[in-house]
Amino acid sequence: MTNEKEECSTKEDSLRMPYKEVKIFSDRIAGISNRTWNPVTGCLYGCTYCFARHYVKKFAEENGVDDSFTPRLIEKELYSVEFKPGETIFVTDLGDLFGYWVPREWIENVLKVIKDNPDTTFILHTKNPSRFREFDYSSLSNIYIGTTIETNRDYSLTKAPEPYLRFKAMCNLPGRKEVSICPIMDFDLDILVSWIEKIEPEVVEVGADNHGNNLPEPTWEKIESLLDTLRDFCPKVVEKKGLASLRERSFAVSDPCYTSKYYLQLDNFSKDYFLSKK
Ligand code: SF4
């Protein structure tokens, strides 16, 4: 663990980064949130399908700043973003706020801002949910804590804790929970459903790879079975935008005419990204 910690930037390093002078990523939408907030960015988990890494690189090229995905605290983002009552904010979608490398102080600073905005809801999401237990968030009624469980299988496409460990870490945690099955990969229905049932999330979001990463995707019929089963016990099941694309891709296998529809459904950024990989 010591070596892993040495990989990440220190707070002093982050303060030398030009990013502290920019205010950047607070107007995107992710799933049930109205927008995102990225007081901390960057990630060392290296998921092969990472959308955020590409997004940060693109932003850096356009703004002449460091394009690495090195974890950073962005002080301007932390302290100068204003939140409106009733908004739902996804915290750090361009990184992992609870990655093993994130200094405790950074997370505590984020929790303080959340405490100061009790009428706004914040989604704290990570692929390392075991770190939730390090913090006392019991006084925060305006948060969801959540994780990604894109499948019950371990496809070794990430250095993050494998899905089974994320599931175990989420069990018996207090508070409102959410789970993101995104980007969905082929799964075992009974096992995946039993995991979600045990986590007891209020919200489950289901989405798909939108960027041509050639993931081991399930059939559309299998996804429909999953959605139907989840709706039996979960208060809110959200189909993310990318899921429609997977459905189209699924049909495109048997009917090539669907391909053009698929391209038309991608938003501009996704389309640029997808085409750049051709
Ligand atoms: S955990 Fe998230 S931010 Fe980190 S590499 Fe994976 S997809 Fe990217």
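This is a predicted model: local features need pLDDT of at least 70, side-chain atom pairs count only at pLDDT 80 or more; totals for chains, interfaces and linings use all residues.
Trainee: Why is Asn-214 called exposed?
Mentor: Count its C-beta neighbours. There are 10 inside 10 Å. The label exposed needs 12 or fewer. Therefore Asn-214 counts as exposed.

Trainee: Where does Asn-214 lie?
Mentor: In the loop between β8 (203-206) and α8 (220-233). Its C-alpha is 8.8 Å from that of Tyr-49, and the two residues are 165 apart along the chain.

Trainee: What makes Asp-188 exposed?
Mentor: The cut-off is 12 or fewer. Asp-188 has 12 other C-beta atoms within 10 Å, so Asp-188 is exposed. Asp-188 sits in the loop between β7 (176-181) and α7 (189-199).

Trainee: Why are β1 and β9 said to stand at the edges?
Mentor: Start with the order. The open sheet has seven strands, β1-β4-β5-β6-β7-β8-β9, paired in parallel. β1 (35-37) and β9 (236-239) each have a single partner strand, so one side of each lacks a neighbour in the sheet. From one strand to the next, the twist averages 25 degrees.

Trainee: How do you know that β5 and β6 pair?
Mentor: Pairing takes at least two bridges. Five bridges join β5 (residues 121-126) to β6 (residues 143-148). The count meets the cut-off, so these strands pair. They run parallel. Ile-123, for one, has Tyr-144 in β6 as its bridge partner.

Trainee: What makes β8 and β9 a pair?
Mentor: Four bridges join them, and they run parallel. At least two are needed, so β8 and β9 pair. Val-203 has Lys-236 of β9 as its bridge partner. Together with α8, these strands make a right-handed β-α-β unit.

Trainee: How do you know that the span of α3 is close to the expected one?
Mentor: Compare two values. Helix α3 (residues 51-63) has 13 residues and reaches 19 Å from its first C-alpha to its last. Gly-64 follows α3, with a positive phi near 65 degrees.

Trainee: Which classes make up the shell around the ligand?
Mentor: Six residues are nonpolar, three polar and three charged. The shell includes Cys-43, Tyr-45, Gly-46, Arg-53, Asp-96 and Lys-127.

Definitions and conventions. Residues are numbered from 1 along each chain as its sequence is written. A residue is near a molecule or strand if its C-beta atom, placed from the backbone, lies within 6 Å of it. Ala, Val, Leu, Ile, Met, Phe, Trp, Tyr, Cys and Pro count as nonpolar, Asp, Glu, Lys and Arg as charged, and the others, Gly among them, as polar. A residue is buried if 20 or more other C-beta atoms lie within 10 Å of its own, exposed if 12 or fewer, and partly exposed in between; C-beta atoms are placed from the backbone. Axes are lines fitted to C-alpha atoms, for helices over the stretch in contact, and angles run from 0 to 180 degrees between N-to-C directions. The expected span of a helix is 1.5 Å times one less than its number of residues. A crossover is right-handed if, with the strands pointing away from the viewer, the path from the first strand over the helix to the second runs clockwise.
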